[in-house]
Amino acid sequence: MSHTDPSPRPVLDVWCELQCPDCRTALADLRALRDRFGDALDIRLRHFPLERHRHAHAAAQAAEEAAAQGHGWPYVEAVLERAEELGTRGEPLLVEVARELGLDAEEVDTALIDGRHILIVDADQAEGRAIGVTGTPTYVIGGERLDGGKSQEGLRERVEEIAARLVAERP
């Protein structure tokens with residue numbers, strides 16, 4: 001589809017943090033949304049590393065490098081599955097996961113050293129703060145903010161409801 005497409009796909013922004021167990025729980029919801037809507041819904045990972053998780057900012061940068069190598073989501077999911085381990089091991093785990101997924105692990109390591117993705121992560125975080133994101137996961141779709149940091153109860157249903165409406169409204 002060209003960029004001049006008059007009806008862009010509805011976007012679900014997911015503000016996420018890779019050292020956050022609640023975000024790992026949210027993976028099942030994101031998989032279900034992807035299965036249901038496929039390409040009709042544009043699910044975008046947005047970074048919101050929390051201060052209390054000291055490896056979250058590095059993990060966000062590593063995820064951006066994985067995305068640059070074409071493996072953003074698989075990398076995010078693999079790191080989230082090991083959120084506790086990330087808490088204890090930090091950056092070596094980020095490089096190890098990249099290697100396990102067949103990414104250029106050296107490049108991930110270098111990206112963490114040279115900070116090439118810091119601006120993207122910081123811009124996401126600033127935008128998140130500006131729209132009132134305080135915890136992760138937080139979903140934003142159709143102008144509505146749904147905070148999964150407090151409770152994920154009923155969230156997927158609400159996101160699906162809005163997504164279904166937006167997808168149906170496309171010309």
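1. The largest cavity of this predicted model is lined by V14, C16, C23, A26, L27, L30, L45, W73, V76, L80 and P137, where a cavity is a set of points on a 1 Å grid over the protein atoms alone at which a 1.4 Å probe fits but cannot get out, and lining residues have an atom within 4 Å of a point. The elements giving two or more residues to this lining are β1 (11-16), α1 (21-37) and α3 (72-80), and α1 supplies the largest share, four residues. Helices (H or I, at least four residues) and strands (E, at least two) are DSSP runs, numbered from the N terminus.

2. The lining of the largest cavity divides into 11 nonpolar residues, no polar and no charged, with Ala, Val, Leu, Ile, Met, Phe, Trp, Tyr, Cys and Pro counted as nonpolar, Asp, Glu, Lys and Arg as charged, and the others, Gly among them, as polar. About 40 Å³ of space lies in this cavity, the volume being the space filled by probe spheres set on grid points that are joined across faces, edges and corners.

3. The open sheet has four strands in the order β2-β1-β3-β4, with mixed pairing; two strands pair if DSSP finds at least two bridges between them. Because β2 (42-47) and β4 (144-147) stand at the edges with a single partner strand each, one side of each is left without a neighbour in the sheet.

4. β1 and β3 (residues 138-141) pair in the antiparallel sense over four bridges, with V14 standing opposite Y139 and L12 having I141 as its bridge partner. Four bridges also join β3 to β4, again antiparallel, and here the partner of I141 is E144. The hairpin formed by β3 and β4 has two residues between the strands, and G142 in the turn has a positive phi of about 55 degrees.

5. From β3, T138 and V140 point one way and Y139 and I141 the other way, yet all are buried, that is, under 20% relative accessible area with a 1.4 Å probe and protein chains only.

6. A62, A63, A66 and A67 in α2 (residues 56-68) meet G72, Y75 and V76 in α3, contact meaning heavy atoms within 4.5 Å. The axes of α2 and α3 come within 7 Å and cross at roughly 145 degrees, with axes fitted to C-alpha atoms over the stretch in contact and angles running from 0 to 180 degrees between N-to-C directions.

7. Residues are numbered from 1 along each chain as its sequence is written, and side-chain values use heavy atoms, with hydrogens and water left out. In this predicted model, local features need pLDDT of at least 70 and side-chain atom pairs count only at pLDDT 80 or more, whereas totals for chains, interfaces and linings use all residues.

Definitions and conventions
1 Å grid on protein atoms, 1.4 Å probe; cavity = no way out; pocket = protein on both sides within 12 Å on 5 of 7 lines; lining within 4 Å. Buried < 20%, exposed > 50% of the residue type's maximum accessible area, 1.4 Å probe, protein only.
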